[in-house]
Each structure stands twice: as structure tokens, then as C-alpha cells.
Amino acid sequence: MPAPTPDFDTLTVGDIVAERTVDLSRDSLVRYAGASGDFNPIHYRDDIATSVGLPGVIAHGMLTMGLAVQPVVDWAGDPGRVEDYQVRFTRPVVVDPTEGATVTISAKVGQLDAEARVARIDLTTTFGGDTVLGKAQVRVRLA
Amino acid sequence: MNPELQGREFPPARPYLVGREKIREFATAVFATSPINFDVEAARAAGHRDLVAPPTFPVVVQEATLAQLLAEPDAGIDFSRVVHGDQRFTFTRPVVAGDELTATLRVTSVKSLGPHSMVTAESTIVDADGAHVVTATSTLVVRGDE
């Protein structure tokens, strides 16, 4: 069963509502390529990635965006409660062929709109100590 | 990049029929765990008609419209130099399995930033009744010679 939807009135700006660590492997990138239809070879071929100046194969920005919102979806109890989601792609996530890459997500209440009962949840998504998504904001409609 | 692209609206892309298995496949790929993405009974119990797609799923529908933009003969966009700058999804309602979605792209802004160009394109996605479901907005950065 999905988690019950959080009560808007119990939230305070600054509350951390969810945290998660995701281990990406090259397999994750191949799976996302197939599921999304984004077959840009910089996401599976090191030779092509390095030829365009990247340190190696990188994760699809849209994969990082897609997984970073999941802790918020689980907290909200329903993916249908997300009414707006935006990010800026600031740094690539380089996925090592053997070690993979670990992405860490922390979701915090950034703003509360009492009239609409909408919480703006701000995401901090890091890889190797650096933030990889800027202005990552999820607007969630609550009960 | 051609500055005259600003304001251009493209013909609607071919309708996209959202399937249950596609939602499950996409949800797995983005590490989703909500039963509402996978289990029809759980989705219905939460008041949805069918499985609900993850919030970033509309990118799959938007993709055809971005392909139109990149293929536009007078756009002057070299795909190998394109970097995704930012992305946004603004929903009127969530995408559910069974939706037949049609996306229409409009270029809202073209800017130059030194040797680079930035193009912002908005894909408006409607259902079979023509009702708005979600707008997907992308800013693409086209790197120039430094």
C-alpha cells in the first residue's frame, strides 16, 4: 500500500521529508535508454563520451531528474500529487564501468502555500560531493 | 542558431498511446517504487483510472517534438553540440495508462550567451478530448566554438 498522504498543516519550512541513496551502474543507463528512447551514445560508449570532452560515460540528465523525485513521490503517497517539477542540470554524473556512481538525494520543505495546500519541496542531489541538479523544485498537492 | 525560431509553433506530433507496460518499464528505470506506478488495483484505490506514470514520463511524449525542432532545416542546431540545460513539467492532471496524448511544440525563446545559444521549447500535451494534461519545457544549450 502507498504511504498515507502527509497532512499539510504538520509541515514547517526546512523540514527534511525524505532522503535516499541510489546506486547507478552502466546497466541502469542501458535500462533508462531503452525505457525512455534516448539512445545518445554518450550514455553507453566511453570512446564517444571522451571524444566530446566528458570524463567518461555519463547518466542521462533525465534519469537523474527522474530518480531524484522518487523519494518525494513515496513521501507524498501518490505520483499524481506532483503538480510541477523542475530542475537545472549543473554537473554530469559520471558512471564508472565497474564502480558505478552513487547519487544522494535530500528533500526539504522550501515553501508552503497554505491556500492551495501545496508544498514546494526542494531537492539537493549530489554525486561525489557535488550538486548535480540546480533549482530542483517539486510542487506537491497535499491533503 | 536562427533567432527567427522564436515564437515558431510546430505541427502536432503523432498521438502517443500510453501503455501499462511502458509505465512499468519507465518506472523501473527511474527507480520508482510507488505501487500506483505498478499495480492497477492500488492506482484505482487511490482514485485513478489506471496506472499513473512517474512525473518525468512526459519526456517520452515530448521527445518526438524535440526531434522536430532539431530536424528543422533552417534551425541551425548541431545535435552533437546540444546539452540539456533545464527541464520542467507542469501538470493539470497526471498521465495514466490508456491516455492518448498529443504534443505540440512552440519555441518560446532563443538567446545568445557568448559563443553559445540557448533555446527554450515548450511542448503542450493534451489528451484525446483536447484537454490539457502537462506542459514539458526544455532549455537546450547549443555550445559554440570557444
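Visitor: Among contacts in chain B between residues at least 6 apart in sequence, what percentage join residues at least 24 apart?

Guide: The share is 71% of the contacts in chain B between residues at least 6 apart in sequence, a contact being two residues whose C-beta atoms, placed from the backbone, lie within 7 Å. The model is a predicted one, in which local features need pLDDT of at least 70, side-chain atom pairs count only at pLDDT 80 or more, and totals for chains, interfaces and linings use all residues. Residues are numbered from 1 along each chain as its sequence is written, while chains are lettered from A and ligands numbered from 1 in the order in which they are written.

Chain B contains four helices and five strands, these being DSSP runs numbered from the N terminus (H or I of at least four residues for helices, E of at least two for strands). Their order from the N terminus is β-α-α-α-α-β-β-β-β. The C-alpha trace of chain B spans about 55 × 30 × 20 Å along its principal axes. Of the 146 residues in chain B, 40% are buried (20 or more other C-beta atoms within 10 Å of the residue's own; exposed means 12 or fewer, and partly exposed lies in between).

Helix α4 of chain B, residues 58–71, has 14 residues. From first C-alpha to last, α4(B) reaches 20 Å, close to the expected 20 Å (1.5 Å times one less than the number of residues). A kink of about 30° is centred on B:Ala64 in α4(B), the bend being the angle between axes fitted to the seven residues ending at a residue and the seven starting there. The buried residues of α4(B) include B:Pro58, B:Val60, B:Thr65 and B:Leu69.

B:Phe26 and A:Val93 have the most contacts inside the largest nonpolar core, which has 77 residues (buried Ala, Val, Leu, Ile, Met, Phe, Trp, Tyr and Cys joined through C-beta atoms within 7 Å).

The strands of chain B come next. β1(B), residues 16–17, pairs antiparallel with β3(B), residues 100–113, over two bridges (pairing requires at least two DSSP bridges). In that pairing B:Tyr16 stands opposite B:Leu101. β3(B) also runs antiparallel to β4(B), residues 116–126, through 11 bridges, and B:Ala103 has B:Ile125 as its bridge partner. β3(B) and β4(B) make a hairpin with two residues between them, and B:Gly114 in the turn has a positive phi of about 60°.

Finally, the contact with the other chain takes 30 residues from chain B and 29 from chain A. On the side of chain A that touches chain B, β2(A) gives the most, with eight residues. β2(A) and β2(B), residues 82–91, pair in the antiparallel sense over five bridges. There, A:Tyr85 stands opposite B:Phe89.
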